[in-house]
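Visitor: Please show me the model. I would like to go through its labels and ask what backs each one.

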Amino acid sequence: MTDMPTRRVILAVGTLAATSLLRPHRSFAQAPLVATPECHDGDPVTLHETEGPFFKPASAQRTELFEAGMPGRPMELVGFVFSRHCKPLSGALLDFWQADDNGEYDNSGFRLRGHQFTDTQGRFRLRSIVPGAYEGRTRHVHVKVQAPGARLLTTQLYFPGERKNRSDGLFRRELLTRTAERSGSLAARFDFVLDVA
Ligand code: FE
């Protein structure tokens with residue numbers, strides 16, 4: 001009985017991989033990385049981090065932030081939203097915003113900003129570019145995550161192997177994505193654990 005959520009997660013990841021391979025979008029990475037469950041009962045909840053000065057409410061609902069001609073390395077970020085007990089949470093909101101390749105935010109419009117909801121298996125998928133680093137900050141993606149009826153989590157995700165990770169006071173290892181290079185694009189994976197049962 002207790003291993004049922006784990007089994008569900010394995011199935012879900014398998015489906016995600018299969019879907020990814022069928023996708024004709026060749027400029028993007030064929031994520032995800034490893035078809036193993038990423039959540040264990042008792043895992044710590046995802047750390048909160050400051051929202052910073054560049055959040056804007058009312059972004060469009062979209063999974064595709066990449067636009068034709070946009071400079072930067074394509075990135076596909078995928079993962080799950082889990083409860084504390086590893087239950088995949090469907091219908092959870094993820095609102096992403098990030099800097100462009102030059103480390104600049106679009107503060108007048110909504111470039112590189114968008115929200116989406118996890119599917120029935122608790123999965124999300126974001127297509128974007130690798131964010132540029134900027135003054136005092138290593139590369140990062142901002143996100144707000146909220147499951148229906150749960151508290152809002154505001155945090156930031158990071159990338160392994162970045163020189164500036166060591167000098168950025170906000171950087172946390174716990175918020176590192178796992179990444180793989182795929183012919184000029186980056187596949188990144190991160191699973192959120194929310195403080196809900
Ligand atoms: Fe930022």
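Guide: Start with Trp97, which stands opposite Arg113 in E3. Strands (E) are DSSP runs of at least two residues, numbered from the N terminus. This is a predicted model, where local features need pLDDT of at least 70, side-chain atom pairs count only at pLDDT 80 or more, and totals for chains, interfaces and linings use all residues. Residues are numbered from 1 along each chain as its sequence is written, and side-chain values use heavy atoms, with hydrogens and water left out.

Visitor: What makes E2 and E3 a pair?

Guide: Two strands pair if DSSP finds at least two bridges between them. E2 and E3 have five bridges, in the antiparallel sense. So they meet the definition.

Visitor: Which sheet holds them, and in what order?

Guide: An open sheet of four strands, ordered E3-E2-E5-E6, with antiparallel pairing. E3 and E6 (153-158) are the edge strands, as each pairs on one side only. From one strand to the next, the twist averages 25°. The axes behind such angles are lines fitted to C-alpha atoms, and angles run from 0 to 180 degrees between N-to-C directions.

Visitor: Why is the contact of Arg84 with Asp195 called a salt bridge?

Guide: The term asks for a side-chain nitrogen of Lys or Arg within 4 Å of a carboxyl oxygen of Asp or Glu. For Arg84 and Asp195, the closest N and O atoms are 2.7 Å apart. Therefore the pair qualifies. It links distant parts of the chain, 111 residues apart: Arg84 lies in the loop between E1 (74-82) and E2 (93-98), Asp195 in the segment after E9 (192-193).

Visitor: Are Arg189 and Asp191 buried or exposed?

Guide: Buried. Arg189 has a relative accessible area of 2%, and Asp191 has 13%. They too form a salt bridge, with the closest N and O atoms 2.9 Å apart.

Visitor: How many salt bridges does a search of the whole structure find?

Guide: Eleven. Glu64, Glu76, Arg125 and Arg127 are linked in a network of salt bridges.

Note on methods: Buried < 20%, exposed > 50% of the residue type's maximum accessible area, 1.4 Å probe, protein only.
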